[in-house]
Amino acid sequence: MITREEAAAYCLTLPDTYADAPFHDENWLVIRCRDNKKVFAWIFEREGNIWINVKMRPEWRDFWREAFEAVIGAYHLNKEHWSSIILNGTVPEADVRRMIDESYDLVKPSGKRRNSKKNKGNP
């Protein structure tokens with residue numbers, strides 16, 4: 001996976017997702033969860049490569065950043081919670097997909113949590 005089209009196509013295989021261009025800039029494409037409209041992938045070109053910003057748990061963030069030079073603190077986002085994956089061919093596609101999947105899991109709606117007795121009455 002090295003093109004914008006490949007990255008977007010994979011992101012859109014995840015349930016209830018859609019592409020959006022909120023900045024009116026052809027360089028930026030975001031992929032959102034349909035129900036809560038939260039972004040889990042920011043896709044853009046920078047320095048001659050396609051980059052994807054994804055949300056990560058801190059323990060995985062550190063693992064991925066140490067494992068690959070092409071996974072760094074996110075460009076234009078909170079670097080504690082978001083990382084950039086530079087699609088330059090050095091990160092195996094299976095690992096890129098795992099990182100995208102985790103980002104999706106972190107932002108997708110959790111219907112069980114909203115309906116549980118434990119959280120009843122909480123906003």
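Me: At 62% relative accessibility, does E47 count as buried or exposed?
Reply: This is a predicted model, and E47 sits in its loop between β3 and β4. E47 also has a positive phi of about 55° although it isn't a glycine. The cut-off for exposed is over 50% relative accessible area. At 62%, E47 therefore counts as exposed.

Me: And K37, what value is its phi near?
Reply: K37 is in the loop between β2 and β3. With 52% relative accessibility, K37 counts as exposed. Its phi is positive even though the residue is something other than glycine, with a value near 65°.

Me: In what order do the six strands of the open sheet come?
Reply: Start with the edges: β1 (17-20) and β5 (71-73) each have a single partner strand, so one side of each is left without a neighbour in the sheet. From one strand to the next the twist averages 25°. The pairing is antiparallel, and the order reads β1-β2-β3-β4-β6-β5.

Me: In β2, which residue is the bridge partner of Y18?
Reply: β1 and β2 run antiparallel, with four bridges joining them. Y18 has its bridge partner in β2, and that partner is R32.

Me: What angle does the direction of α3 make with that of β4?
Reply: For α1, the picture is a helix lying across β1, β2, β3, β4 and β6, running at about 175° to β3. α3 packs on the sheet too, touching β1, β2, β3, β4, β5 and β6. Its direction and that of β4 make an angle of about 40°.

Me: How far apart are the end C-alpha atoms of α3?
Reply: α3 has 15 residues, and at 1.5 Å a residue they should span 21 Å.

Me: Which element supplies the largest share of the largest nonpolar core?
Reply: That core has 37 residues, and those with the most contacts inside it are F40, I43, I52 and I100. At least two residues each come from α1 (4-11), β2 (29-33), β3 (39-46), β4 (49-55), β6 (82-87) and α3 (93-107). On the α3 side, the buried residues include V96, M99, I100 and V107. The largest share, six residues, comes from β3.

Me: What is the N to O distance in the salt bridge of E93 and R97?
Reply: Both residues lie in helix α3, four residues apart, which is about one turn of the helix. E93 is partly exposed at 34% relative accessible area, and R97 counts as partly exposed at 33%. Their side chains meet in a salt bridge, and the N to O distance is 2.8 Å.

Me: At 13% relative accessibility, does R61 count as buried or exposed?
Reply: R61 and D62 meet through their side chains in a salt bridge, 2.9 Å from N to O. D62 counts as partly exposed, at 34% relative accessibility. Buried means under 20%, so with 13% R61 counts as buried.

Me: How many salt bridges does the count come to?
Reply: Side chains of opposite charge can pair when their charged atoms come close. One of the pairs is D105 with K108, at 3.5 Å from N to O. D105 counts as partly exposed at 41%, and K108 is partly exposed at 36%. The number of salt bridges comes to six.

How values were computed
Residues are numbered from 1 along each chain as its sequence is written. This is a predicted model: local features need pLDDT of at least 70, side-chain atom pairs count only at pLDDT 80 or more; totals for chains, interfaces and linings use all residues. Side-chain values use heavy atoms; hydrogens and water are left out. A nonpolar core is a set of buried Ala, Val, Leu, Ile, Met, Phe, Trp, Tyr and Cys residues joined through side-chain atoms within 4.5 Å. Buried means under 20% relative accessible area, exposed over 50%, partly exposed in between (1.4 Å probe, protein chains only). The expected span of a helix is 1.5 Å times one less than its number of residues. A salt bridge is a side-chain nitrogen of Lys or Arg within 4 Å of a carboxyl oxygen of Asp or Glu. Two strands pair if DSSP finds at least two bridges between them. Axes are lines fitted to C-alpha atoms, for helices over the stretch in contact, and angles run from 0 to 180 degrees between N-to-C directions. Contact means heavy atoms within 4.5 Å.
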